[in-house]
Amino acid sequence: MSSELGISLAELLAWNDQAAHSWKSHLQANAALLEVACDIGNTGNVLGFARHIWGAEQRWARRLAALENKDAVTGPVETLFAMHVEAAELFGGLIDGPDASWAEPYILNFDWVPEDMRRVSRRKIALHSLFHSQRHYAQLATLARVAGFPAQFRGDLLFCAALP
């Protein structure tokens, strides 16, 4: 099978970035949406959910870049979005940099991960992080629509400008 049939990390990162910017704009344009209740991940409301999405990106990117993690910030959308911006820059640098050794193992040192599942590739970590965001954006779209704030963005991969 041709590798051209697959999606690259760079393309996935571009899709994620396009969706993140769209959600940032939508959340800023609809301040009341930020207070809509959200029980996903005990985030409390949509603002907390955005913090969860962008904070997870930042944590995984910093781990892959061998940087110390920061506490997720609080504040308005613009402040929270800075976590996504940092993550996108870190992921982009890792993807574009010299051989990032994507196949090298990464050890998940979390008690909640069974020991036999703790050794994963760095590539899998990056993919997990970016798909984590996309899964949550789909949930966010449902929350927004049900609350009366339908998103006008096209978050589906079909509309991603980075893919031909």
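Student: Why is Lys24 called buried in this predicted model?

Tutor: Lys24 has a relative accessible area of 16%, and because buried means under 20%, Lys24 counts as buried. Lys24 sits in helix 1, residues 9–29, and, leaving aside residues up to four places away in sequence, touches Trp54, Val77, Glu78 and Phe81.

Student: What makes the pair of Glu78 and Lys24 a salt bridge?

Tutor: The closest N and O atoms of Glu78 and Lys24 are 3.3 Å apart, and the cut-off asks for a side-chain nitrogen of Lys or Arg within 4 Å of a carboxyl oxygen of Asp or Glu, so the pair qualifies.

Student: Why is Glu78 described as partly exposed?

Tutor: Glu78 has 44% relative accessibility, and partly exposed is the class between buried, under 20%, and exposed, over 50%, so Glu78 counts as partly exposed.

Student: How do you know that Glu86 and Arg62 are buried?

Tutor: Glu86 is at 15% relative accessibility and Arg62 at 10%; because the limit for buried is under 20%, Glu86 counts as buried, and Arg62 counts as buried too.

Student: What joins Arg62, Lys70 and Glu86 into one network?

Tutor: Glu86 forms a salt bridge with Arg62, with the closest N and O atoms 2.3 Å apart, and Lys70 forms one with Glu86, where that distance is 3.4 Å. These salt bridges share partners, and in this way Arg62, Lys70 and Glu86 are joined into one network.

Note on methods. Residues are numbered from 1 along each chain as its sequence is written. This is a predicted model: local features need pLDDT of at least 70, side-chain atom pairs count only at pLDDT 80 or more; totals for chains, interfaces and linings use all residues. Side-chain values use heavy atoms; hydrogens and water are left out. Helices (H or I, at least four residues) and strands (E, at least two) are DSSP runs, numbered from the N terminus. Buried means under 20% relative accessible area, exposed over 50%, partly exposed in between (1.4 Å probe, protein chains only). Contact means heavy atoms within 4.5 Å.
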